[in-house]
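Subject: A structure to look through

Dear colleague,

I am passing on a structure that I would like you to read alongside the notes below. Please open it first, and then follow the notes with the model in view.

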Amino acid sequence: MKIHHTPHTRLRNAFTLMEMMLVLGIIALLITVVASISPMFIESAEITTAQAKIGTLKSMMQAYKNNNRRFPASLEDLVKPPANAQFKKQYVSEEGITDPWGEKFQLRSPGKKDGAPFEVYSMGPDKRDGTDDDVY
């Protein structure tokens, strides 16, 4: 027994050009939305990374003081202790004193805030000291 298909009962085996254009338009829209949101997440992650590294550097500054009875004169002293250091040990790697934007963290002694003996901070994404994007 042979079944005859009329043009109205045939099954479609392919997408129409309009359906393909609609799907490609939706995909392009999704890519645009994700691409516009991702820089915000990246910037937030960089700031969080800088804050975490600052916390580590503050701890290492205190460890240096505990071992040498004084704070280091520079963050580089945490990487390679000076000749006059009593306890010659590397506290952090060279990468440990570099912020997410490729610049060295800054050390201010004495600190400006709360009468702290020192401040460690990053100049932030604009790489300029004293601007609103500095990270403490």
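Helices (H or I, at least four residues) and strands (E, at least two) are runs assigned by DSSP, and they are numbered from the N terminus. The model is a predicted one, in which local features need pLDDT of at least 70 and side-chain atom pairs count only at pLDDT 80 or more, while totals for chains, interfaces and linings use all residues. Residues are numbered from 1 along each chain as its sequence is written, and side-chain values use heavy atoms, with hydrogens and water left out.

Let me begin with helix H1. After H1 comes Arg-69, which has a positive phi, near 65°.

Which residues of H1 are buried? They are Ala-50, Ile-54, Leu-57, Met-61, Tyr-64 and Asn-68, where buried means under 20% relative accessible area, exposed means over 50%, and partly exposed lies in between (1.4 Å probe, protein chains only). These buried residues pack against H2, S1 and strand S2 (119–121).

A nonpolar patch on the surface is formed by Leu-17, Met-18, Met-21, Val-23, Leu-24, Ile-27 and Ile-31, with about 760 Å² of accessible area together. Such areas come from the Shrake-Rupley method with a 1.4 Å probe, and for residues only the protein chains shown count as cover. Patches take residues with over 30% relative accessible area and no salt bridge, joining like charges within 9 Å and nonpolar side chains (Val, Leu, Ile, Met, Phe, Trp, Tyr) within 5 Å. Val-23 lies in helix H1 and, at a relative accessible area of 43%, is partly exposed.

Next, the loop between H2 and S1. Phe-105 is found in this loop and is buried, with a relative accessible area of 5%. Leaving aside neighbours within four places in sequence, Phe-105 is in contact (heavy atoms within 4.5 Å) with residues including Ala-50, Lys-53, Ile-54, Leu-57, Thr-98 and Val-120. The C-alpha atoms of Phe-105 and Lys-53 are separated by 9.2 Å, although the two residues are 52 places apart along the chain. Thr-98, in the loop between helix H2 (76–79) and strand S1 (106–108), counts as buried at 18% relative accessibility.

How many salt bridges are there? With a salt bridge taken as a side-chain nitrogen of Lys or Arg within 4 Å of a carboxyl oxygen of Asp or Glu, the count comes to four. One of them joins Lys-104 to Glu-94, with the closest N and O atoms 2.1 Å apart. Both lie in the loop between H2 and S1, so the pair ties together parts that are 10 residues apart in sequence. Another joins the side chains of Glu-103 and Lys-127 (3.9 Å, N to O). Glu-103 lies in the loop between H2 and S1 and Lys-127 in the segment after S2, so this pair ties together parts 24 residues apart in sequence. Glu-119 and Arg-108 also meet in a salt bridge, at 2.7 Å from N to O. This pair links strand S2, which holds Glu-119, with strand S1, which holds Arg-108, 11 residues apart, and both residues are buried.
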